[in-house]
Amino acid sequence: MNNLKINKAQISDAAKIQTIGRITFSETFSDVNSEENMVKYLEESFALEKLMAELSNPSSFFYLAEMEGKVIGYLKLNTGNAQTEKQENNALEIERIYVLKEFHGKKVAQTLYDQALKTALEINAQYIWLGVWEKNFRAVSFYTKNGFEQFDTHIFKLGDDEQTDLMMKKVLAHE
């Protein structure tokens with residue numbers, strides 16, 4: 001994976017994020033959710049106007065994982081009032097780390113997570129937090145391996161289906 005590049009996304013990358021977002025979310029969750037709920041979520045969450053507004057927000061950061069010119073994954077981070085759930089202003093939320101299924105197990109998610117950690121340290125965040133679906137065992141294991149611990153739960157709505165997310169966080173040590 002030496003030719004993996006992580007690049008900060010710009011507003012002009014909105015269509016790339018829309019495409020990779022819809023594909024990776026579908027690959028991850030379409031087997032366990034109704035088609036109707038998936039279509040509604042994908043249309044709303046990955047609407048071009050919504051993504052452009054998120055990319056324009058100075059409190060959100062997007063990074064694209066690219067290999068040989070192809071986008072294979074992405075990362076979305078939030079701080080301050082861009083966080084999906086109110087936390088302290090000195091926290092960094094990982095809203096999304098998604099990687100194409102064919103690249104699972106090849107350290108792409110780990111490289112994106114390393115970028116999140118680097119960003120957290122650059123902005124002097126005290127901790128990183130996220131919500132992860134309780135039934136996404138692969139992701140829960142990934143975050144646990146990276147030192148995250150559950151501190152709460154919240155409800156995530158996928159269409160009309162209410163699902164429980166584990167809220168996990170990792171306190172950062174600053175030197």
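I note that the model is a predicted one.

I then looked up the volume: the largest pocket holds about 1,000 Å³ of space. I listed 43 lining residues, and those nearest the pocket centre are Ile97, Tyr98, Val132, Asn136 and Ala139. The elements giving two or more residues to this lining include helix H1 (14–29), strand S4 (91–99), helix H4 (108–122) and helix H5 (137–145). Sorted by class, the lining has 21 nonpolar, twelve charged and ten polar residues.

I recorded Ala139, Val140, Phe142 and Tyr143 as its buried residues. They lie on the same side of H5, because the arc they cover around the axis is only 160 degrees. I recall that an α-helix has 3.6 residues a turn, so residues three or four places apart point the same way. On the other side of H5, I found Phe137, Arg138 and Lys145 exposed. I traced the packing of the buried residues of H5 to S4, H4, S5 and S7. After H5 comes Gly147, and I read its phi as positive, near 90 degrees.

Last, I checked Thr79, which sits in the loop between strand S3 (70–78) and S4. I class Thr79 as buried because its relative accessible area is 11%, under the 20% cut-off. Leaving out residues up to four places away in sequence, I found that Thr79 touches Ser59, Phe61, Ala91, Leu92 and Ile123.

Methods: Residues are numbered from 1 along each chain as its sequence is written. This is a predicted model: local features need pLDDT of at least 70, side-chain atom pairs count only at pLDDT 80 or more; totals for chains, interfaces and linings use all residues. Side-chain values use heavy atoms; hydrogens and water are left out. On a 1 Å grid over the protein atoms alone, a cavity is a set of points where a 1.4 Å probe fits but cannot get out, and a pocket is an open set with protein on both sides within 12 Å along at least five of seven lines; lining residues have an atom within 4 Å of a point. Grid points are joined across faces, edges and corners, and a volume is the space filled by probe spheres set on the points. Helices (H or I, at least four residues) and strands (E, at least two) are DSSP runs, numbered from the N terminus. Ala, Val, Leu, Ile, Met, Phe, Trp, Tyr, Cys and Pro count as nonpolar, Asp, Glu, Lys and Arg as charged, and the others, Gly among them, as polar. Buried means under 20% relative accessible area, exposed over 50%, partly exposed in between (1.4 Å probe, protein chains only). Contact means heavy atoms within 4.5 Å. The arc is that of the directions from the helix axis to the C-beta atoms.
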